[in-house]
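My notes go below the picture, in the order I looked things up.

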Amino acid sequence: MNKCLCLVNAVFKMTNQQKEQWMVEAFSQAREALTAGEVPVGCVFVYNNEIVGRGRNTVNETHNATRHAEMNCVDRVLEWCTVHQLDYKTVFPHVSVYVTVEPCGMCADALGQLSVKDIIFGCSNDRFGGCGSVVDIPKLYKYPMNFQKGVQAEEAIELLKEFYKGENPNAPTGKVKRKVPKN
């Protein structure tokens, strides 16, 4: 019995270690977004223990409000499926999504419609969260997906704080933060 418990614990630890490995990749994408002047959200899609899609926010650089990290990852997976001659409808149900910030309602719904298996995210999104913070899209539409929040949440929050300290060059006139000189 004790031997069995050790095996279960080893598998659980390996799973947590694997989650952290995939989140490291997602944070790499988030830092890339921050460097590019984007809200620092990064994402990876994992299929059969392999990253098949990487993405980061590209909203500002594309001037397209739908180019969230998750949507960019969806595009990468569709390309991957084409190259590997696989039907995306059979791939997405086996995909685990690792994203630094809780998906918004739009992204949570898209991921639900694609039937992804899991969503693992860092910090909650108290303004637009689609996995329970504002609206619970998976529950609302009865999408059969699991999600786990709070994986490396502090790191995600720190990246967001760093972004919001600065100035968004794409903010409409009158909405741009003005730095007040200190006397």
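Here is what I looked up, entry by entry.

**Confidence**

I began with the reminder that this is a predicted model. The protein chain has an average pLDDT of 87, and 83% of the residues score at least 70. I then turned to residues 1-14, where the pLDDT is below 50. That stretch makes zero contacts in the model beyond near neighbours in sequence.

**The sheet**

Next I traced the strands. Five of them form an open sheet with mixed pairing, in the order β2-β1-β3-β4-β5. Which strands stand at the edges? I found β2 (50-56) and β5 (146-148) there; each has a single partner strand, so one side of each is left without a neighbour in the sheet. On average, neighbouring strands of this sheet are turned by 15° against each other, direction ignored.

**β1 and β2**

I looked at this pair in detail. β1 covers residues 42-47 and pairs with β2 in the antiparallel sense, over six bridges. I noted two bridge partners in β2: Arg56 for Gly42, and Gly53 for Phe45. How many residues lie between the strands of this hairpin? I found two, and Asn48 in this hairpin takes a positive phi near 50°.

I also wondered whether β2 was enclosed or open. Five of its seven residues are buried, so β2 is largely enclosed by the rest of the structure.

Tyr98 stands opposite Ile120 in β4. Between these strands the chain passes through helix α5 (residues 105-113), and this β-α-β crossover is right-handed.

β4 and β5 also run parallel, with three bridges joining them. Here I picked out Ile119, whose bridge partner in β5 is Phe147.

How many residues of β4 are buried? Six of its six are, and β4 is mostly covered. I also saw helix α7 (residues 153-165) lying across β3 and β4 (118-123), at about 60° to β4.

**Val95**

I then stopped at Val95, which is found in strand β3 (residues 95-101). Val95 has a relative accessible area of 0%, so I list Val95 as buried. What does Val95 contact, leaving aside its neighbours within four places in sequence? My list reads Phe45, Val46, Tyr47, Val116, Lys117 and Asp118. Asp118 is 23 residues from Val95 along the chain, and their C-alpha atoms are separated by 6.9 Å.

**Cysteines**

My next search was for disulfides, and the whole structure has zero. Cys107 is in no disulfide; the nearest cysteine sulfur, in Cys104, is 3.7 Å away. Cys107 is buried, with a relative accessible area of 0%.

**Asp126**

Buried or exposed? I asked this of Asp126. At 65% relative accessibility, Asp126 counts as exposed. Asp126 has its place in the loop between β4 and α6 (137-140). Not counting residues up to four places away in sequence, Asp126 touches Ser133 and Val134. I also checked Asp126 against Cys104, 22 residues apart along the chain: their C-alpha atoms are separated by 9.6 Å.

**Positive phi values**

Last, I went through some backbone angles.

Gln85 has a phi near 50°, positive in a residue other than glycine. Gln85 lies in the loop between α3 (69-83) and α4 (88-91), and is exposed, with a relative accessible area of 74%.

Ser115 has a phi near 65°, again positive in a residue other than glycine. Ser115 lies in the loop between α5 and β4. With a relative accessible area of 31%, Ser115 is partly exposed.

How values were computed
Residues numbered from 1 in each chain as written. Predicted model: local features only at pLDDT ≥ 70, side-chain atom pairs only at ≥ 80, totals over all residues. Heavy atoms only, no water. Helix = DSSP H or I, 4+ residues; strand = E, 2+ residues; numbered from the N terminus. Buried < 20%, exposed > 50% of the residue type's maximum accessible area, 1.4 Å probe, protein only. Contact = heavy atoms within 4.5 Å. Disulfide = S-S within 2.5 Å. Pairing = 2+ DSSP bridges. Axes fitted to C-alpha atoms, helices over the stretch in contact; angles between N-to-C directions. Right-handed = clockwise from strand over helix to strand, strands pointing away. pLDDT = per-residue confidence, 0-100.
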